[in-house]
Amino acid sequence: MRPHLDEVADEMMQEIQTRVREYDRPGNGTYSATLRQAVERVLHYFVDRVADPDEEPANVTDFFRSMGRGEAGEGRSLDAMQTAMRVGGMIAWRRITEGADALQVQPRTLGAVGEALMLFQDELAHAAAEGFSQAKAEVAGEMQRRRKRLLDLLFADPPAGAEAIADLAAAAHWPLPRTVAAVALGRQVRDDRGTAFPPDVLADLTRRTPSLIIPDPDGPGRAKLVDRALAGTPAVVGPTVPVMEAGRSFQWARKTLCLVQRGVIEAGGVVRSVEHMSTLILFQDEGLTTALADLRLAPLSHLRPSQQDRLAETLLAWLQSGRNANEVAMRLHVHPQTVRYRLRQLEELFGDQLLDPDLRFDLEIVLRARALLAAGPGEHLIPPARAVAGESGEVVSFRRT
């Protein structure tokens with residue numbers, strides 16, 4: 001076979017460039033030289049392999065591993081290389097069989113050479129695939145690191161400059177959207193969960209609060225897409241904001257998540273902060289809300305907890321229903337006469353305060369907060385630091401524990 005290697009190499013080059021369009025690059029001398037080098041290496045090494053089956057394939061397999069990496073680096077699949085290898089193998093086998101006929105090679109010997117050719121092709125294909133996979137993994141890892149860094153920049157306080165964000169977004173292959181929404185996840189999730197998210201979603205599941213950034217969250221079908229991606233994971237989607245205000249969206253998502261975890265906001269599927277803005281306002285400064293509750297609900301402080309609950313529930317329903325006793329009865333599922341009795345008690349306790357619109361507004365604020373906290377285990381509106389003595393002499397605290 002050795003005297004014919006140059007001739008076979010020419011035929012392989014011609015056939016590969018004819019059949020594999022990706023390898024037909026007229027005028028590109030460097031690329032043709034690389035292809036020629038690959039063909040010649042394969043042919044010479046194969047002949048050496050037939051002469052000495054124990055020869056180590058390191059050199060040529062390393063070369064094909066590098067070629068696989070090169071294909072990944074140019075953004076191509078391995079399809080073209082695999083086709084070229086099949087074409088080359090076909091030419092080689094054709095020339096081998098022609099030579100075998102001319103030299104009257106025994107079928108057993110010809111079969112051994114054919115088996116060696118197939119094994120050799122398999123080794124080269126495996127080396128190319130290995131190099132390709134390594135390069136793709138490295139690129140994916142680097143891209144993921146850039147995207148995590150981009151997420152950090154978008155969440156930074158104070159926010160990073162627009163130019164720095166635009167540069168890193170370009171390097172991370174993330175087209176800058178007009179608007180975004182941040183997502184706070186409620187528990188640690190494995191980093192491979194990121195494969196479930198759409199490719200344009202920035203994700204960092206290694207943060208203390210696992211986080212996402214969703215581009216153009218209000219676009220057609222985006223809400224359903226987000227819900228599917230987050231199914232089974234406690235998650236809060238922050239408000240939609242301009243991309244440079246992603247940190248603000250994340251702050252609200254995280255605060256909403258905290259209230260979900262406390263039981264203040266009911267967790268049912270994906271929670272959206274914009275649907276709970278009034279609750280967020282109520283709990284923006286709990287110390288202030290506590291102080292207002294201390295002040296406005298003081299008339300209830302001497303009552304037993306069960307009385308406090310009944311009267312607080314009735315007063316809130318009365319304020320929410322336009323001060324209509326019959327509607328209060330329907331809301332609370334009690335007899336209207338029971339409501340009127342409780343309202344007379346409230347008038348005795350609060351007096352003219354119930355006639356003042358500003359005071360009624362204050363009362364509704366603290367009663368809403370109280371009702372929300374009542375659902376949370378172990379929650380209380382006011383820390384049990386101060387108690388008052390009831391009429392029976394025992395200490396009675398208004399605060400929920």
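Let me start with the term cavity: on a 1 Å grid over the protein atoms alone, a cavity is a set of points where a 1.4 Å probe fits but cannot get out, and its lining residues have an atom within 4 Å of a point. Grid points are joined across faces, edges and corners, and a volume is the space filled by probe spheres set on the points.

What you see is a predicted model, where local features need pLDDT of at least 70, side-chain atom pairs count only at pLDDT 80 or more, and totals for chains, interfaces and linings use all residues. Residues are numbered from 1 along each chain as its sequence is written, and side-chain values use heavy atoms, with hydrogens and water left out.

Cavities, then. There are two of 30 Å³ or more. Helices 1, 2, 3 (58-73), 4 and 5 each supply at least two lining residues; helices here are DSSP runs of H or I with at least four residues, strands are runs of E with at least two, and both are numbered from the N terminus. By class, this lining has 18 nonpolar, three polar and no charged residues. Nonpolar covers Ala, Val, Leu, Ile, Met, Phe, Trp, Tyr, Cys and Pro; charged covers Asp, Glu, Lys and Arg; the others, Gly among them, are polar.

The second largest cavity holds about 50 Å³. Its lining is Phe 197, Pro 198, Val 201, Leu 212, Ile 214, Val 226, Ala 229 and Leu 230. Strand 3 (211-215) and helix 7 (222-229) are the elements that give two or more of these residues.

Next, the largest pocket, a pocket being an open set with protein on both sides within 12 Å along at least five of seven lines. Its volume is about 430 Å³. Of its 19 lining residues, Met 1, Arg 95, Ile 96, Gly 99 and Ala 100 lie nearest the centre. Helix 4 gives the most to this lining, with seven residues. The lining comprises 14 nonpolar, three polar and two charged residues.

Last, a helix pair. The axes of helix 1 (residues 5-19) and helix 4 (residues 79-103) come within 9 Å and cross at roughly 140 degrees. Axes are lines fitted to C-alpha atoms, for helices over the stretch in contact (heavy atoms within 4.5 Å), with angles from 0 to 180 degrees between N-to-C directions. The two helices are therefore oblique to each other: under 35 degrees counts as roughly parallel, over 145 as roughly antiparallel, 65 to 115 as roughly perpendicular, and the rest as oblique.
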